[in-house]
Amino acid sequence: MNPGAWRPAIAMASRNLRRNRVRTVLAVLGVCIGVLAVAVLGIFGNVLALGADDAIGDIGTQVVLSPNADAGVESLSEADIAAIRRAVGEPAVVPLYSDGAVVSGPTEQGFATVYGVEQPGIAFEAAEGRVPERHRQGAILGAGLAADLDVGVGDRVEVAGGQTRVVAVLAESQTFSPVAPDDAVFLPESAFAADGYDQVLVVSETGGEARAAADAVRESVNDREERVDVFELAAIVDEIDEFFDLLGTFLLGLGGISLVVAGVSILNVMLMSTVERRQEIGVMRAVGVTRRDVLRVLLAEAGLIGAIGAAIGTALTVLIVAALVAATPAVDAAIVLDPTNGYYLLLALGFGVGVGLVSGAYPAWKAANERPVEALRS
Amino acid sequence: MYSVALEDVTKRYPGGGTEPVVALDAVDLAVDPGEFVAVVGPSGSGKSTLLNVLGLLDDPTDGRRLLSGTDVTSLSVGERTTARKESIGFVFQDFHLLPTLTAVENVALPTAFDPGDATDRAASLLERFGLGDRLDHEPTELSGGQKQRVAIARSLINDPDVLLADEPTGNLDTDTGESILAEFERVRSEGVAVIAVTHDALVEEYADRVVELTDGVLVGGKPREGDDGNESDGNESDDEGPDLFGDPSPAPSEER
């Protein structure tokens, strides 16, 4: 009705708050702690989720296709590979031969999976040496196998009786997958005499792309006949994400409890303050101040407590999070600076002010609606 | 036309027992513009109830209430608030200034939430009451007489028709009380009806008319009529009406 009336109301409210400083400061502190709890726990949960996403992201980006033995498909032909490429579109498709063989170094020897791959560079990264775009000669060793055999780039190894030279050692893999590169050796396709592929890796940029690729394979390649088994971890990643969502909500709930406690303390402060100032409010009403304006003054008091507490709490949250980043090298600064964390700051700020207004509403309404005749009676 | 008038007004409170307490019994009262009326009577005679009913803080059970000729017997809460702001000034025994506001802000309090700034008007009112150098003082920095002057200035901020005073000199020494009464004299001379409830004989000296309230029955309520129409036999109930303005005696209605 009259937005201009808020200004005198806020001016009057701030003076009333200054009258009992200790009480005001304590109520502000309550909101501050509540907001701090919501914001810090919210951001904490979010950082955990983001960090986990970052760490397990690779799992979700690979889809492994293999021939469906149940349907009598023993291997995947060039035609199958072409169909898969058409189906998945953007993501890279890496067909693999696979076999098992004894691999020996100069001193040690062990059993390893042997893959035949033409384009290892798409799917794997080297820790030592260089993974060639097109694999024509030599062996690429998984990190685990290289360590077991105690060999490095340039050393000679014997794979199933044939001598070859190590051209690269792969970085340790962080994915769970039927294609486990750590204990495998990758040879050029020419080393295999087989006429069909045993596995196909589909490497995507994101989990969403991997899921789409897997769905596309199910729909087109497996349309008439279940030719391939589709193995994807995106579904597991979804479950993990869900868990972190739940964890985030749980942490936010914990913070919320302290905010509710802060709300109760505002309620208490406002009730005490309106009871103490009963006569003053009665005088205001008697000399012609409307109930609406009395309500305005008292709501402004509660709102100010909430707003000041929320502002301080938010500022403290920023400091605490900054200190956390500075003190914990393990926490990636990029994750903490993620814009979604700002959302938790705003959420906590809004909750703080909201808690003030909601808890102030009842005492304000009660005081504003008291009959001045009753209030003036000493 | 009277500034304020009560016609056959009765105010009953639900008492502790089955009998309601009669605080005002068929009261007729009329006050001319510029008239100073003192209401006297023993405590519990219903004086404060009378002021509350006159001041639109409380509604009569029966009868009519007129403010400058307009019937204001039954108004909504909001209408009563507006009518109080525009037409009625209050002066209390305990001054009742807001401690967080300066003198000038206290004077402007009734208009504080209205568009426009009444500070100039409030300041000139205070200057009129000799408080031009106290504009920004808080109530704790003012003497009793100064506080009461601030309260009178507040009551006049909206040019009221009626000024209602409850024991205006009750908390002041004789000299200060006299100076406050001199202020009422000036207010009255500007055409504002002044009704003061009092125990103070000094107030009676300044008043144009003294009316007596005993057990809710008012004597001499109408001007120019004498006492004929409202003779009281004093045979009303012994129950005390509630004293809403500063009288420490507990009233039955407080138990509600």
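For helices, axes are lines fitted to C-alpha atoms over the stretch in contact, and the angle between two of them is taken between their N-to-C directions. The views below are taken from a predicted model.

**View 1. Packing of helix α6(A) with helix α10(A) in the predicted model.** Helix α6 of chain A, which spans residues 234-276, packs with helix α10 of chain A, residues 339-368, at an angle of about 30°, and their axes are 8 Å apart. Because angles under 35 degrees count as roughly parallel, α6(A) is described as roughly parallel to α10(A). The crossing of these two helices, α6(A) and α10(A), is right-handed.

**View 2. Residues that join α6(A) and α10(A).** On the side of α6(A), the residues making the contact include L259(A), G263(A), I266(A), M270(A) and T274(A), while those on α10(A) include F351(A), V355(A), S359(A), Y362(A) and K366(A). Sorted by class, the contact of α6(A) with α10(A) has 13 nonpolar, 5 polar and 1 charged residues.

**View 3. The contact between chain A and chain B.** Here 24 residues from chain A meet 22 residues from chain B. On the side of chain B that touches chain A, the largest share, 5 residues, is supplied by helix α2 of chain B, residues 77-87. The residues on this side of chain B divide into 11 nonpolar, 6 polar and 5 charged.

**View 4. The fold of chain B.** The secondary structure of chain B comprises 7 helices and 10 strands, and 54% of its 256 residues count as buried. Among contacts in chain B between residues at least 6 apart in sequence, 70% link residues that are at least 24 apart.

Note on methods
Residues are numbered from 1 along each chain as its sequence is written. Chains are lettered from A and ligands numbered from 1 in the order in which they are written. This is a predicted model: local features need pLDDT of at least 70, side-chain atom pairs count only at pLDDT 80 or more; totals for chains, interfaces and linings use all residues. Two residues are in contact if their C-beta atoms, placed from the backbone, lie within 7 Å. Helices (H or I, at least four residues) and strands (E, at least two) are DSSP runs, numbered from the N terminus. Ala, Val, Leu, Ile, Met, Phe, Trp, Tyr, Cys and Pro count as nonpolar, Asp, Glu, Lys and Arg as charged, and the others, Gly among them, as polar. Axes are lines fitted to C-alpha atoms, for helices over the stretch in contact, and angles run from 0 to 180 degrees between N-to-C directions. Angles under 35 degrees count as roughly parallel, over 145 as roughly antiparallel, 65 to 115 as roughly perpendicular and the rest as oblique. A crossing is left-handed if the near helix is turned anticlockwise from the far one by less than a right angle, and right-handed if clockwise. A residue is buried if 20 or more other C-beta atoms lie within 10 Å of its own, exposed if 12 or fewer, and partly exposed in between; C-beta atoms are placed from the backbone.
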